[in-house]
Amino acid sequence: MPETRVDTPAALDIPPPRQPAGPAAQSLYWLKTTDPDARIEDFGPDTDVRVLVPEDERFHPLRDRLAARGIPVRGVRYLLERELLTGTTADGDLVWRAAPAHPAQPGAREMTGRGSTAAAAREAFEALWQAQLPDGDAAPSAVPAEDLVPAAWLPYLPHPALNPAQAQAAPTVLSQDENLLVVAPTGAGKTTIGMLAALRAVLGEKRKAAWLVPQRSLTDELDRELDGWRRRGLRVERLSGEYSVDVQRVRDADLWVTTTEKYEVLCRTSALRDALTEVGCLIVDEIHLLGDPERGAVLEALLARVRDGGSTVRMVGLSATVSNAPEVAEWLRARLVRIAWRPATLTWQLPVVPAHADWRLTQAARTRVTNAIVDTVTRDGGSVLVFCGSKHSVRSTALALAAARGADTTGVRPDDVERLRKVCDAAGIGLHYKDWEHKRAAERAFRSRETDVLVATSTVAAGVNLPARAVVVRDTQVGTRDVDVATVQQMFGRAGRVGAGETAGWAFLIVDQAEHETWRQRLVGGYTVVSQILSSLPDHVLAEVVQQRVRTRAEAEKWWLSTFAHHQGSTTVEPLRRAVGFLVGADYLGQAGEADGGTLTATELGTLTARVMVPTATGYQLRTALSGTPVPRNAEDAERQLIEVIATAVPKLARASLSESLKPRVALLLQAEGHLSRVPGTAGPPDFSLPYAPGDLARASLLAVANSPREFAVPRREFARIPHSAMYPVLEDAPRYLHWLGSQGYGGTVHPWVAIVAADLNRRVRWRRCAPPRGSGRLLWMCEQMATGVHADQEVPAMWQAARERGVTGPDWTSRTPPRGCRLDGASYAALLAERVTDGELATGPDGAPVSRSTGRALTAWSGRSHLTVHTRQRETTPAFPPPGGDGDAERGVALFSWRGDYRATGWLAEYSAVARRA
C-alpha cells in the first residue's frame, strides 16, 4: 500500500475534552488525523474516543500505541480529511475543527462550528467510521431469477440471478398494479428493476411501455442493453432529439426508450396521441430530477398529466437516495420501496483548499489536490473518474494530470484539442464531454482499463456505466451555477461499482473553506426534490391547452392543483393566472367568454410553439425584437439582422460558454462577418483588447455557416482557429428557433422577410455538411420531404448532391417521376408536388397589386414594417397593400406560403427561392 501523497499541514491544535455535564452525559473525542506523530492524551471512562488514520505503514506505530491504551482506531485506505469533533452529548454543544488538506497558505484558516454544522460533522464521521468495519456477517446473496420471475421472461434479463436490491423490489414490481417509487443507491441495479416493470406491461399485459431517461447519452446505453430484446422479437424504438421519428414505427413499437423532452414532444404531436393511449407502464429513470432547474419542470408537467389525466398508465419511478422520497411518493400516489443494499461500500470525503480572493489560486489548489488523489489511487492499482464543471475545465485538468505523469506538455494549450488528445493518450488519460469527438473511444479504453483516468463533465454521472475505484469531483460549479446535491450523489455513485471488480468506492468533493460546512450538511441531509415548474409555468399551461386537456381558466386552475409545486405548498393560484394572462397577451392563447369561466384555445402560433418546444418567454422576446427591427434592403443585411436577434434573445445561445483564450478569435471572425477567408492570421498571443459580448460565439458561428458554406463541406476540427467543438452546441440549438420563425410565414405572425430568411438559414445550418449557399432552403426542404424524417440523414445529402450535379436550383422540376432516394409512395409524392409554390402562382395585377393564382396558400403583402396576410380560398386572390406603418417610402413586396413550408417572394427576397446557378 503506497503512502498517501496529499500534503497536509501541521497537526491540529487538539484541546482537551470537556467534562460531562451530568450523569447521563458523555464526552466525545472523534479525530481524523493524517499526522503519524499525533499525540492523544488519556481520557476518562465517560469519553467516547475514536481515531481514524490512513491505512499505510507510516501509521502502524501510532495504531499500535493507541491499541495498547485501549483507544479504538481504524484505518482508512485513502484518508484526506483532518478533523476533530469534541464536546458532550448531554447539551448537544458539539464543536468540530478542521484544517485544509493542502498545506496552509495565506488565507488558510482553521474552521469551527456548532449546532447543525457540528451535527453534520458527527454524522459524516460516524458513516466513515462504520464503513471501515472489517467484513462481518455474510452479505445478502443473489436470488435465482426463476424464483421470482415468470419463466418466459427470463431470457430477457441480463443475468440469471437477481441481486439483493432487485430481489427486494421484484415482488412488488411484478404483482402490484399501483404506482411505485423505487429508491436505491447508485449501482444497486435499478436498470433490471425497470426491465421487470417493462416486461410486465409488454409481455404480461400486451401493452406498450415507455422508458424515460434524462439525457440523450443514456438512451445510447439503455438501447444497447435492450438490443437482446429486439433479437427475441420485441420492437424497441429509440427516441431522442438526434434521431428522427418514423410515426408508424413508433406506433408499432412495444417499448419506447426516450428522453423526457422527446416523450413530451410525442405528447404534443396529434398524430401520435392514439399510440400514447396504448402505454401501460411509464418507467422514469432518475425521477429525482424533478428538482433539476433545467429538466425538472418538463418532467413534473408530464407526470402530473399522467397522474391526473384519467389514464391507466402505471408509473414506476427509479431514483437515487433523496431526503424527501415520501413526499414525492405521496404526490405520485405511489408505494415507496426503499432499498439500502449497495454492492460495494462507498466512502466520501471533502478535501479542503483555501478560499483565495484570487479565483485562479483556488483553481490551482483544486488541481493540485486532484493530481495528488489521482496519483495515490492509480499507484495503488485503482482507476479514477475526475468530474469537472465545464469542458474547458476537463481539458485543463486533463492536461495538468498528463504533465504530472511526466508527459511533455510544452506549448500544449487546453484548446489545442488535437495535441491535447495525443499527450493525454500517451499519459493514459481519457476525456469525455458532450461534443468531444473521441468520447466513445475514451469510454472503451476506460472500461477495458487501457486508461486508468477519465476526466469528464457531469454527462457521465447521470447513468453511463463507467465505474471506477475512486471519483474526484473537482468543481462545485457546473458552468455558472452551483452543482446540485443530486448530481454530486450521482457522481459519487460511479465509485466502487462491482462491474469494475471493485468492492469499495472512494469519493472526494474538493471544496474551499467557505463552502465546506454547507456541502457537508447537504451531503449528510441528502438531496431534496423541490419543484421547478414555476420558472416556466406558461410553457406547461400552453402545452395542456394544445393537448385539449385544459379548455377553460377553471380547468387550468384545477390542473395547477395537480402539480408538485402545489403539493409542496404553492397554494395560491396567482402564478397560474399570471401565466394565462401572459399567454393571452402574447397571442399564444385565445380567450372567449367570462374571464374565469371562459374558454381557452391555442392559436396557430401557440400550437406551433408548443410543438417545437420553444420557451414562450424566449419566443415573445424574439418576436418583439424582430417587430422593432427595420425591414432590410438586401439579403446580406437580413441575415445579419436575424442572426443578431437570435444570438442575443435566445438565452441558451447568448450564454454559450467559451474559454477566455478563444474570445479574441471569435472577435476576429465577427470582424470578417463570418467570411473565413478574410480572417487575418492569428499567430502569436491572443489580442485580448478585441471586444467580446454575450452572444458573440453564436453570431460568429451562424455567420460563418451563412457566408462560408463551402468551409463546412468537409469535417474540420477548427474554423479560424476556433474549435468546431465550441461552435457545435450553437449550430445544433439554433435551428429550432430558426425553424419556429420560418414556420410562422403561413400564419402571418412574423414579417415575411423574417419567415423566409429564417426558413432558408435553418436548413443551411442543419445541412451545413452539404455546403448549401443562400437560396438552398427550398431545395433542401423538398429533399427532406421526399426522404422522410427517419431517412433524412442518409438520403438528403445524396439527393442534394444529385440535384446540384444536374443543375437543379429548387423544387420546381417538371418530371412526375420520384428521384432516387425518395421514400414516398406515389400518392404522397404527387401530393408533395401539389404543395410546391411554383412560378406561376404569384403575380402582380395591372395596378401592381399582388395576385395569388392558387388556393390553400397564405398570401402576404407588406409595406415597410406593416404586413397583411390572407389565406386564399379561391383561384385568384388580390389583397390590398397595408399602409407603410411609419416607414414613409418603404419598399413593398409580396410573399406566398404553403402550409407545408414552401414559399415564394418578390424583390430581394426572391434570392431565397432558388440556388444561384453560379453557386
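Colleague: Are H27 and H29 roughly parallel or roughly perpendicular to each other?

Modeller: This is a predicted model, in which local features need pLDDT of at least 70, side-chain atom pairs count only at pLDDT 80 or more, and totals for chains, interfaces and linings use all residues. The axes (lines fitted to C-alpha atoms, for helices over the stretch in contact, with angles from 0 to 180 degrees between N-to-C directions) of H27, residues 696-707, and H29, residues 752-766, come within 10 Å and cross at roughly 90 degrees. Under 35 degrees counts as roughly parallel, over 145 as roughly antiparallel, 65 to 115 as roughly perpendicular and the rest as oblique. H27 and H29 are therefore roughly perpendicular.

Colleague: At what angle do H24 and H29 pack?

Modeller: Helices (H or I, at least four residues) and strands (E, at least two) are DSSP runs numbered from the N terminus, and residues are numbered from 1 along each chain as its sequence is written, with side-chain values using heavy atoms and leaving out hydrogens and water. The axes of H24 (residues 635-649) and H29 are 10 Å apart, and the angle is about 80 degrees.

Colleague: Which residues have the most contacts inside the largest nonpolar core?

Modeller: A nonpolar core is a set of buried Ala, Val, Leu, Ile, Met, Phe, Trp, Tyr and Cys residues joined through side-chain atoms within 4.5 Å; buried means under 20% relative accessible area, exposed over 50%, partly exposed in between (1.4 Å probe, protein chains only). The largest has 90 residues, and those with the most contacts inside it are Leu-642, Ile-646, Trp-740, Leu-741, Trp-753 and Leu-909.

Colleague: How many residues of S2 are buried?

Modeller: S2 covers residues 47-54 and is mostly covered. Of its eight residues, the buried ones number eight.

Colleague: Which residue in S3 is the bridge partner of Pro-54?

Modeller: Strands pair if DSSP finds at least two bridges between them. S2 runs parallel to S1 (residues 27-32) through six bridges, and parallel to S3 (residues 73-76) through four. In S3, Pro-54 is bridged to Val-76.
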